[in-house]
Amino acid sequence: MKILFVYPPARDMSIPPLGIGYLCSVLRKNGHEPEVLDLTANPLSEEELSGLIDGFGKYDCIGISAIITAYNFVKSFSLKVKLKFHNMPIIVGNAISNACPETLLKASQVNIVVVDEGELTLKELMDNIKSPGNLSNIKGILYKDKDGRIHKTEPRERIKDLDSLPYPAWDLLNIPVYMKNSGLYLDKGIKTGWFSAVRGCPFSCGFCSRPFGQRITCRSANSLINEILEFKKIYGSSHVCMVDDEFMANMSLARDFAKSLLDRKVNITWKANGRVNFVDEGLFKLMKRSGCVTLAYGLESGSQKILDNMNKSATVKQARDAIKITRRAGINMSTPFMFGYIGEDEHTANETADFIKEMKLETTSLFFTTPYPGTSLYDWAKKNNRIKYDEDTYLSLLGNNAEKFLVNLTDMTDEEYLKLKSDVEKRMKRSLPFKIKVDKYFIKKIYYIKARISLYGFNWIIKKIIKKVRGFSKSRK
Ligand code: B12
Ligand code: SF4
């Protein structure tokens with residue numbers, strides 16, 4: 001069967017859609033013929049896209065990989081496809097499926113939504129795509145029957161042995177485009193490869209929807225390293241980005257990984273997501289020796305009240321200790337914070353600014369808290385009438401605007417809310433130590449130049465200088 005995977009346009013081009021990569025390799029292994037249309041790596045105009053859709057007759061099925069920000073795209077794209085190919089099955093998977101599967105089936109032309117992991121479910125769907133009567137026997141989906149009624153099948157069991165999956169079909173993923181846009185700044189390795197080793201997360205932060213649920217499954221360190229080496233051989237990468245939300249949730253995997261990188265002399269740098277309650281100085285030093293350059297901690301707030309409201313299962317003290325230990329191990333950190341969670345006020349926002357100042361963090365801006373469907377925060381916001389739009393309008397507004405103020409979850413007026421955010425950010429900028437300001441500017445510049453040289457060769461810098469000199473002399477004439 002021929003399936004076309006569509007990856008919607010998104011603003012961030014730093015990580016390729018690994019989920020599609022896995023699905024393609026599993027389908028290929030089973031005799032199907034997947035292709036990928038990546039509208040993030042290769043954006044198209046409306047006309048170009050319509051032109052392409054005209055040629056969709058050669059596919060047996062269209063699969064869209066969408067997170068909630070692609071809600072609007074899924075609606076308009078599925079309509080365009082159905083207007084030309086009325087009987088074309090359209091399947092959607094990825095995080096949108098946990099967020100609003102029924103709404104999506106009702107509001108769009110999508111036929112089937114695949115929940116959680118896609119490999120086993122999609123393989124079964126493709127084997128049965130010509131006989132829609134069998135859908136009720138396929139676990140892990142919601143589907144619309146010919147009368148428009150929605151049915152939900154039994155949940156699909158998780159894949160037990162992730163090592164048994166083939167490597168993602170990198171050849172279908174526009175790797176060179178993502179390499180150009182990845183880790184241009186504070187990552188040392190620059191030529192990046194992306195890997196997934198841990199699915200699921202045991203925590204229940206109120207703002208987060210975990211696509212793989214609470215149970216954790218992991219790759220083994222050796223299989224992960226085999227994959228990294230294979231990628232390195234093909235693409236010459238020298239840096240690894242572990243994409244998972246919670247790589248450090250399995251500290252023994254992190255230890256095995258670091259040890260094996262050293263034993264097998266892999267010689268790469270790497271970064272991953274950490275959590276302030278998964279910290280161990282000995283392990284971090286080992287990780288550093290193995291090439292770990294950055295850990296990202298979603299610290300979210302410097303106020304214990306807000307962390308508790310978020311159900312973050314972490315304390316400000318743990319955050320403080322984690323920062324100190326990570327620094328002592330010589331590992332860089334990225335530390336995003338949120339603004340405007342339930343209960344945020346001047347006092348809690350200032351606690352966050354004080355914490356950032358005390359810990360000398362680089363952070364100078366705060367993310368708006370946006371309640372995404374499928375989270376307990378969203379349920380709270382709906383119950384308390386904080387969302388001023390009907391569901392369809394709200395989901396459409398989420399678009400690629402994740403950096404926009406959409407919902408006020410606090411007791412402040414919107415004006416007070418925006419003023420407080422801006423005042424606190426100004427304070428954070430002012431209190432940024434001079435050394436960090438200089439580092440931020442120069443280190444970013446240096447890594448940018450290093451990245452370009454590593455991608456385009458030394459000639460890039462010569463051409464750049466010649467262009468600058470020409471531009472300068474023209475402007476003087
Ligand atoms: C890496 C990552 C990113 C990367 C890019 C991701 C990419 N290229 O796919 C970056 C950093 C760019 C990113 C950005 C954002 N992200 Co993000 N991201 C992730 C993260 C941590 C891992 C994704 C991943 O690669 N997983 C590994 C692969 C193997 O799994 P997968 O992609 O889920 O694919 C599997 C299934 O979903 C399914 N599947 C996938 N596609 C398809 C298609 C079909 C047809 C089928 C049948 C099945 C299927 O099968 C695959 C194999 O099992 C997830 C959390 C998570 N654990 O999933 C959040 C997550 C997807 N992100 C999220 C969010 C909110 C965002 C932002 C909006 C954040 C923000 N406020 O700015 C932005 C969006 C920016 C934009 N639109 O440009 C949310 C989505 C919530 C939701 N309900 O939709 C998640 C779930 C985080 C969370 N825990 O809440 N993100
Ligand atoms: S924010 Fe991180 S720790 Fe919290 S539930 Fe989501 S993935 Fe887990």
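Me: A residue is buried if 20 or more other C-beta atoms lie within 10 Å of its own, exposed if 12 or fewer, and partly exposed in between, with C-beta atoms placed from the backbone. Which exposed residues sit on the face of α12 turned away from its buried side?

Reply: This is a predicted model, where local features need pLDDT of at least 70, side-chain atom pairs count only at pLDDT 80 or more, and totals for chains, interfaces and linings use all residues. Residues are numbered from 1 along each chain as its sequence is written, while chains are lettered from A and ligands numbered from 1 in the order in which they are written. Helices (H or I, at least four residues) and strands (E, at least two) are DSSP runs, numbered from the N terminus. The face of α12 turned away from its buried side carries Lys317 and Arg328.

Me: What span should helix α12 have?

Reply: The expected span is 1.5 Å times one less than the number of residues. Helix α12 runs over residues 316–328, which makes 13 residues.

Me: Within what arc do the buried residues of α12 fall?

Reply: Ala319, Ala322, Ile323 and Thr326 are buried in α12. They line one face of the helix, because seen down its axis they fall within a limited arc. The arc is taken over directions from the helix axis to the C-beta atoms. It is 100 degrees.

Me: Which elements do the buried residues of α12 pack against?

Reply: Contact means two C-beta atoms, placed from the backbone, within 7 Å. By that test the buried residues of α12 pack against α10 (281–289), β13 (292–297) and β14 (332–334).

Me: Which element gives the most residues to the shell around ligand 1?

Reply: A residue is near a molecule if its C-beta atom, placed from the backbone, lies within 6 Å of it. Of the 43 residues around ligand 1, Ala10, Gly19, Gly63, Gly93 and Gly118 come nearest. Elements giving two or more residues include β3 (61–65) and α6 (119–127). The most, five residues, come from α1.

Me: How many charged residues are in the shell around ligand 2?

Reply: Asp, Glu, Lys and Arg count as charged; Ala, Val, Leu, Ile, Met, Phe, Trp, Tyr, Cys and Pro as nonpolar; the others, Gly among them, as polar. Around ligand 2 stand Cys201, Arg210, Asp245 and Glu246, among others. The shell holds four nonpolar and two polar residues, and its charged residues number four.
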